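Student: Please pick one part of this structure and take me through it closely. I would like to follow it one step at a time.

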Amino acid sequence: GLFRVPGEVDGIARVYGWRRLPATGLVSAVGLAEDHALAPLTTRLDRDRLVLQVLTAAALLFGGGVAALLWQSARRQLALERSERRYRALLDSAPDAIILTRLGRFMYLNPAALRLFGADDAAQLLEQPVLERIHPGAHAAVQARRHQLLGERIAVPPLAERYLRLDGSVVDVEVTASPYADEQGLSTQVIVRDFTERRQAERA
């Protein structure tokens, strides 16, 4: 068993461990100063406390690093969103028709493009095949330019084409196209200039 008593001579508190010897019935007791007896436990507690402090410091540093990364990521995202808004505002205010296509279908048309095709709303053209709005006589040339543009990923020179409005009328246009990459993949950016009046004047 264990018991704790102060020494009668020096007054030092000691922890005693005792056991009864079975052969003689005598009791054997050994005492240690309390500080010495508790030294292993104290050392372990100190070690555990140090480990906890190190882990806490590491957690704070790691948490601060994560917070910094999140802050930087948020700043980059905000800058990207602002850039996209400026780019969209530029497209929307452009006097020329600007179109984004992917896999041969309309993905975006600015207001000038909607007016060019005689559309009241972008929904009338979005996801529709581009070739439906191009005169059949130009289909072969347009397909060849598209393969060159996407295969070599270079802008192609202006080409005179004839577009079809939603009411079936024909518009003479000059078309410039270039590759456009975003998070959704490779697209085609098309800039279209209407020169119907000039062409009519030339024919006259």
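**A buried aspartate and the sheet around it**

Tutor: Start with D172. It counts as buried, with a relative accessibility of 3%. The cut-off for buried is under 20%, so D172 qualifies. Keep in mind that this is a predicted model.

Now find its partner. D172 forms a salt bridge with R162, and their closest N and O atoms are 3.3 Å apart. D172 belongs to strand β7 and R162 to strand β6, so the pair ties together parts 10 residues apart in sequence.

β6 and β7 belong to an open sheet of 5 strands, ordered β5-β4-β8-β7-β6, with antiparallel pairing. Which strands stand at the edges? They are β5, residues 105-109, and β6, residues 156-164. Each edge strand has a single partner, so one of its sides has no neighbour in the sheet. From one strand to the next, the twist averages 35°. What holds strands of a sheet together? They pair through backbone hydrogen bonds, either parallel or antiparallel.

Step from β7 to β8. These two strands form a hairpin, with 2 residues between them. They pair in the antiparallel sense over 10 bridges.

Go on to β4. This strand covers residues 97-102 and runs antiparallel to β8, residues 185-194. 5 bridges join β4 to β8. I99 has V190 as its bridge partner in β8. T101 stands opposite T188, also in β8.

D96 sits in the loop between α2 (39-93) and β4, while R193 is in strand β8. The two residues are 97 apart, and the pair links distant parts of the chain. D96 counts as buried because its relative accessibility is 18%, under the 20% cut-off. R193 is partly exposed, with a relative accessible area of 47%.

The structure holds 3 salt bridges. One is still to come: the side chains of D167 and R165 meet at 3.9 Å, N to O. Here the aspartate is not buried. D167 counts as exposed, at 58% relative accessibility. R165 counts as partly exposed, at 23%.

Now look across the strands. Helix α4, residues 139-152, lies across β6, β7 (170-182) and β8. The helix runs at about 140° to β6.

Finally, step back to the chain. The protein chain has 5 helices and 8 strands. From the N terminus on, the elements run β-β-β-α-α-β-β-α-α-β-β-β-α. Take the contacts between residues at least 6 apart in sequence: 35% of them join residues at least 24 apart. The chain exposes about 14,100 Å², and carbon and sulfur atoms supply 59% of that area.

Conventions. Residues numbered from 1 in each chain as written. Predicted model: local features only at pLDDT ≥ 70, side-chain atom pairs only at ≥ 80, totals over all residues. Heavy atoms only, no water. Pairing = 2+ DSSP bridges. Helix = DSSP H or I, 4+ residues; strand = E, 2+ residues; numbered from the N terminus. Axes fitted to C-alpha atoms, helices over the stretch in contact; angles between N-to-C directions. Contact = heavy atoms within 4.5 Å. Areas by Shrake-Rupley, 256 points an atom, 1.4 Å probe, with all protein chains shown as cover. Salt bridge = Lys/Arg side-chain N within 4 Å of Asp/Glu carboxyl O. Buried < 20%, exposed > 50% of the residue type's maximum accessible area, 1.4 Å probe, protein only.
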